[in-house]
Amino acid sequence: MLQDEHGNKMPKKTIKGYAVGDAYEDTPSSEPHTVAIVKVKYDFEEAVKDALYLIGGLSIDKHAKILIKPNISLPGASYLGICTNEKVLDGLLAVLREQGIPSGNIVVGEQSFFVPLEKAAEKSGALEILKKYGLPLTDLSKGDFVEKKEREFSFKIAKIVYDVDLIINLPVIKTDMVLGLDGAFENLTRFLAKENFESYARDRKKAVQALAVLPKALPAMVILGDGTIGMQGNGPGEYGEPGFFNMLFAARNPVAHDAIVAEVLCLSTPPYVELAGKLGIGEYDIKKINVVGNELDAVKRDIKQPIGSKLIKRQE
């Protein structure tokens with residue numbers, strides 16, 4: 001049980017041993033191997049603020065141009081774990097407003113490779129939140145793309161990515177029958193032109209290799225992983241089940257972020273995360289990642305794995 005200087009008490013699960021009167025303190029760190037895990041109760045804005053604080057804050061001024069990239073690529077409601085929780089988006093926009101960022105400096109961008117973006121977004125709840133802040137949902141597929149080379153891969157990436165001062169990667173945490181996990185990495189794929197994405201997606205080995213090096217072609221970013229209502233089982237779409245994880249994950253590196261998310265949810269480390277780590281793109285060794293906010297072992301939970309089923313095969 002924690003108690004602050006005002007006498008307010010709150011429970012906190014811990015594996016480490018503490019005696020009455022011991023001080024408990026989290027030290028924020030902006031190092032790329034730091035990942036914050038924050039439990040979400042009712043106040044989403046406060047949870048977002050805490051998560052960002054623990055990774056050193058955003059370090060931006062009121063003139064900064066910001067691109068927020070949620071996951072709204074499939075039709076469905078956030079309470080099903082299909083898309084980024086609109087309450088997390090609302091909390092993030094409220095934090096940016098508090099820091100003096102005008103709505104005119106914020107772009108919320110996404111695209112869908114499967115249906116028109118308007119259809120994907122209509123049940124997500126995001127459009128109502130964006131209206132509240134006077135923001136449109138920008139369809140990245142309708143903008144310009146620039147070509148970037150990384151190792152043997154050629155990426156056509158939305159130009160807006162390079163026109164802003166900060167990218168906030170806002171994925172919903174989901175299981176994936178192909179990738180294992182949809183997190184920070186997977187959410188970046190929709191910065192790509194559709195035909196570019198499809199050219200890699202046809203070959204699983206090639207897709208893993210391309211996904212592993214994609215962050216190298218992109219500017220530095222902040223990641224706010226939405227694990228409030230994620231997905232478990234046979235995700236990432238209609239065959240998955242909602243997972244009420246009630247967590248936010250914050251990081252500055254997608255390798256560290258996805259490695260910790262997989263560890264928390266007792267999923268295997270995705271092959272693209274391991275490959276990216278071995279290529280020096282980020283830290284994937286759990287023992288070398290600095291976890292703040294909540295102890296890793298205190299929040300671990302065994303979720304339903306993305307193992308597929310005969311039912312899905314028959315329907316395909």
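Select Val-115 to begin: this residue counts as partly exposed because its relative accessibility is 22%, where partly exposed lies between buried, under 20% relative accessible area, and exposed, over 50% (1.4 Å probe, protein chains only). Val-115 sits in the loop between β5 and α3 (117–121). Helices (H or I, at least four residues) and strands (E, at least two) are DSSP runs, numbered from the N terminus. Display the atoms around Val-115 and, leaving aside neighbours within four places in sequence, you will find it in contact with Ser-73, Pro-75 and Ala-120; contact means heavy atoms within 4.5 Å.

Two notes apply to every stop. The model is predicted, so local features need pLDDT of at least 70 and side-chain atom pairs count only at pLDDT 80 or more, while totals for chains, interfaces and linings use all residues. Residues are numbered from 1 along each chain as its sequence is written, and side-chain values use heavy atoms, with hydrogens and water left out.

Select residues 86–98, which form helix α2. The helix has 13 residues and reaches 18 Å from its first C-alpha to its last, close to the 18 Å expected at 1.5 Å a residue; the expected span is 1.5 Å times one less than the number of residues. How many of the 13 residues of α2 are buried? Ten are, and α2 is mostly covered; among the buried ones are Glu-86, Leu-89, Asp-90 and Leu-93.

At the N-terminal end, Asn-85 caps α2, with a side-chain oxygen 2.9 Å from the backbone nitrogen of Lys-87. This is a polar contact, that is, a pair of N or O atoms within 3.5 Å; within protein, one must be able to donate a hydrogen and the other to accept it, and residues adjacent in sequence count only if both atoms are side-chain atoms. Just after α2, Gly-100 takes a positive phi of about 85°.

Move on to Asn-105, in the loop between α2 and β5 (106–110). Its side chain reaches the backbone oxygen of Ala-64 at 3.2 Å. Beyond neighbours within four places in sequence, Asn-105 is in contact with Lys-62, His-63, Ala-64, Lys-65 and Ile-66.

**An enclosed space and an open one**

Rolling a probe the size of a water molecule over the atoms shows where empty space is left. On a 1 Å grid over the protein atoms alone, a cavity is a set of points where a 1.4 Å probe fits but cannot get out, and a pocket is an open set with protein on both sides within 12 Å along at least five of seven lines; lining residues have an atom within 4 Å of a point. Grid points are joined across faces, edges and corners, and a volume is the space filled by probe spheres set on the points.

Select Leu-93, Arg-97, Ile-101, Pro-102, Ser-103, Ile-106, Tyr-133 and Leu-135, which line the largest cavity. Its volume is about 30 Å³.

Next, turn to the second largest pocket, which holds about 800 Å³ of space. Of its 33 lining residues, the closest to the centre are Phe-114, Asp-176, Val-178, Phe-197 and Pro-236. Which helix gives the most to this lining? It is α7, with four residues.

Stay with Pro-236, in the loop between β12 (221–233) and β13 (240–243). A cis peptide bond joins Gly-235 and Pro-236, with omega about 15°. Most residues other than glycine have a negative phi, and most peptide bonds are trans.

Select Ala-251 in strand β14 (residues 247–251). At 0% relative accessibility, Ala-251 counts as buried.

Finally, select helix α8 (residues 254–264): ten of its eleven residues are buried, so α8 is largely enclosed by the rest of the structure. At its start, a side-chain oxygen of Asn-253 reaches to within 2.8 Å of the backbone nitrogen of Val-255. The last stop is Cys-266, in the loop between α8 and α9 (271–278). Its phi is near 60°, a positive value in a residue other than glycine, and Cys-266 is partly exposed, with a relative accessible area of 35%.
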